[in-house]
Amino acid sequence: MTAWTSGAERVSGRKSGRAASKLPAAVPIVIEQLSPVVDAGRYAPKRVSGDTCVVGAAIFRDGHDILAARVRYLPAGTREWQTVPMLYDYASDRWSAEFPLNAVGNWAFTVDAWTDVFGTWRRGARAKLEAGQDIQLELLEAAEMMERTARRMRFGVGRRHLTSTAHAVRNDALSVEERVTKAFESQVEELMRANWSPPDLTSLPAPLPLRVDAPRAAFAAWYEFFPRSTAAEPGEHGTFRDAERVLPRIAELGFDVVYLPPIHPIGNEFRKGRNNTTVAEPGDVGSPWAIGSDAGGHDAVAPELGSLEDFERFVQHANGLGLQVALDFALQCAPDHPWVKEHPDWFVVRPDGSIQYAENPPKKYQDIYPLNFWCDDREALWQACLNLLLFWIERGVTTFRVDNPHTKPFQFWEWAIAEVHARYPDIVFLSEAFTRPNKLLTLAKLGFTQSYTYFTWKNTSAEIHQFMGEFSTPDVLEYYRGNFFANTPDILHEYLQSGGRAAFRVRLLLAGTLSPVYGIYSGFELSENVPVREGSEEYMDSEKYQLRSRNFNDPAVLDADILRLNEMRRAQPALQRADNLTFHHSENPQILWFSKRANEGEGNLLVAVNLDPAAPQESTVHVPLYQLGIGADEPYQVEDLLTGTVYSWRGERSFVRLDPAVEPGHVFRVLI
């Protein structure tokens, strides 16, 4: 992005034998290579409150005059622009400034630059003085600048001081030394810098956007469960009251967010049976994603779960335990959803008058009708969908996991999220966009706070390197935050199916250390790993279609691993950032070896994970001594935060051995 001086006049040459073409506009100052910026300002970079925004730019002009620059920024919820000066770094040839982000919402900033005429004068005059040359004319130039500036100032001490100084600088009855001393006063320099009106002031064509979210948008541990499976007696349908009783365990394990699949009435027409059979048997509870029945639509709760008041009580109880509630937002309807009768034109109507159901041949989903977001009555449809978000926010929901957003118009999501954030700036939106990278990243750009990722399918060292390399570049991290779910109700990867309990421990450790935002779906801690059939990623007896009773008192439960991981994440700032990951060389690819850099004064971390859940693996790993500030032959110690064991190392090459039956990995804190 390049900025041009506003209001610059075009000039034309003298006429000769033919008409002269117009010369280009006078634009002496260039502002480019701006950061942070996404797609030339089309979308907003993301930060969290408590961060500092660092603005950088390349700023230059022809010639050798000194430049000055500043950042102007508009905090969320205010109308008053604030200013901070930019500083020039000779080594990088860039200008930078920073300002604190102390409010959640939409910010804006811009960059101004101009020629520092008085500073340029000071430099030239000083050089002539040091060379023993006459500076009479230079002193007159300084006096003119002071007088011009003083005339633009309000009456007061500053104006009087500049005026009197200009008079003294012009006074040839004084010695040159006295006049120079007056001209070079620090107070004069400050007054000139603050009040000079530069004729070549150059600004960006328009302010740039900046999105500031609550800290939980960038660092959180999620836990997904189905309230209907929380009844004390197996086989009974759970309620919100039952679900309240499982919240203390989730909070004690260190989770920050509890995510509920759709809680709305489930359709009766074409209801799915157990294991996704197309015909439901009596008593089958159906899929929560087939939303709507005679009991209501998206603004109602399933009667089996309780009432709206019960849900609000559940939210309050969760909040009291330090848990935020995330609700699934799935914009699709069962055939008996009220909207189907009230607004059939909101759906795709086929030539025979029937409504198009969802399908992915050969699969058919007769229990779900997709919405037609480009119908003739789309304004009413879009508003109705927005009203649903506002309805649940007013009942305490602070986070939405959005189902398949890539199958709805990008324009809708950009509009709806902006409308929500205008009213409730701290709401988090998680995009369930298991789709091609361009779509996934575009959804992140246009407003989604977090994104599901391909992490679940990345299990080898090469796959993890490639995936993290693609989605951890500085440009991508300006707007994308990956939420690393280790499993979901839809995804039971073959790695977990075949690797047993050790595989679950490996994936848990990877999810919680590679990303500051991660999650698990209930049953993960019990290493549930039986697919509905070979080659499928669907669970046998999937909770999407039936109730599941679980015994979390099982001795093999992974609660100790989860608690230890979440405590470590909260204690180690290096695990709370996404921009500090570097992979390092491991001589055995079964041992993944990477670092998470910390800020100055905090602990740098080195992480080794055995990716083979079936056998012990060992490797020589290469320690990034230079990055850690350790000399080539300097002894140092590392503490394994998972076990408390301290090791003494020396040099770049160190040895690790990991038995998956004992420990899936090491998280070393470097002690210097």
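His406 is found in the loop between strand S18 (399-403) and helix H10 (410-423); helices (H or I, at least four residues) and strands (E, at least two) are DSSP runs, numbered from the N terminus. The model is a predicted one, in which local features need pLDDT of at least 70 and side-chain atom pairs count only at pLDDT 80 or more, while totals for chains, interfaces and linings use all residues. Residues are numbered from 1 along each chain as its sequence is written, and side-chain values use heavy atoms, with hydrogens and water left out. With a relative accessible area of 16%, His406 is buried, a word that stands for under 20% relative accessible area, with exposed for over 50% and partly exposed for in between (1.4 Å probe, protein chains only). Leaving aside residues up to four places away in sequence, His406 touches Glu432, Ala433, Phe434, Thr435, Lys439 and Leu443, where contact means heavy atoms within 4.5 Å.

A barrel comes next. Eight strands close into this barrel in the order S11-S12-S13-S18-S19-S20-S21-S22, and the pairing is parallel. From one strand to the next, the twist averages 25°. Two strands pair if DSSP finds at least two bridges between them.

Strand S11 (residues 220-224) pairs with S22 in the parallel sense over five bridges, and Ala220 has Val517 in S22 as its bridge partner. Strand S21 (residues 482-485) also pairs with S22 in the parallel sense, over two bridges; here Phe485 stands opposite Gly519 of S22. S22 is mostly covered, with five of its five residues buried. Both of its faces are covered: Val517, Gly519 and Tyr521 lie on one side, Tyr518 and Ile520 lie on the other, and all are buried.

Helix packing can be followed through H2. The axes of helix H2 (residues 136-152) and helix H3 (residues 157-170) come within 8 Å and cross at roughly 160°. This angle makes H2 roughly antiparallel to H3, given that angles under 35 degrees count as roughly parallel, over 145 as roughly antiparallel, 65 to 115 as roughly perpendicular and the rest as oblique. On the H2 side, the contact is made by Leu139, Leu140, Ala143, Glu144, Met146, Glu147, Thr149, Ala150 and Arg151, and on the H3 side by Arg159, Leu162, Thr163, Thr165, Ala166, Val169 and Arg170. These residues divide into eight nonpolar, three polar and five charged; Ala, Val, Leu, Ile, Met, Phe, Trp, Tyr, Cys and Pro count as nonpolar, Asp, Glu, Lys and Arg as charged, and the others, Gly among them, as polar.

H2 also meets helix H4 (residues 176-183): their axes come within 11 Å and cross at roughly 35°. The crossing of H2 and H4 is left-handed. In this contact, Gln136, Leu139 and Met146 of H2 meet Val176, Arg179, Val180 and Ala183 of H4, a set that divides into five nonpolar, one polar and one charged.

In general, most residues other than glycine have a negative phi, and most peptide bonds are trans. The peptide bond from Ser35 to Pro36 is cis, with omega near 0°, and Pro36 lies in the loop between strand S1 (29-35) and strand S2 (46-48). Another cis peptide bond joins Pro361 and Pro362, with omega about 10°; Pro362 is in the loop between strand S15 (358-360) and strand S16 (363-365). Asp93, a residue other than glycine, has a positive phi near 60°. Asp93 lies in the loop between strand S6 (87-89) and strand S7 (94-100), and is partly exposed, with a relative accessible area of 44%. Ser527 likewise has a positive phi near 60° and is found in the loop between S22 and helix H15 (559-571). Ser527 is buried, with a relative accessible area of 13%.

Conventions: Axes are lines fitted to C-alpha atoms, for helices over the stretch in contact, and angles run from 0 to 180 degrees between N-to-C directions. A crossing is left-handed if the near helix is turned anticlockwise from the far one by less than a right angle, and right-handed if clockwise.
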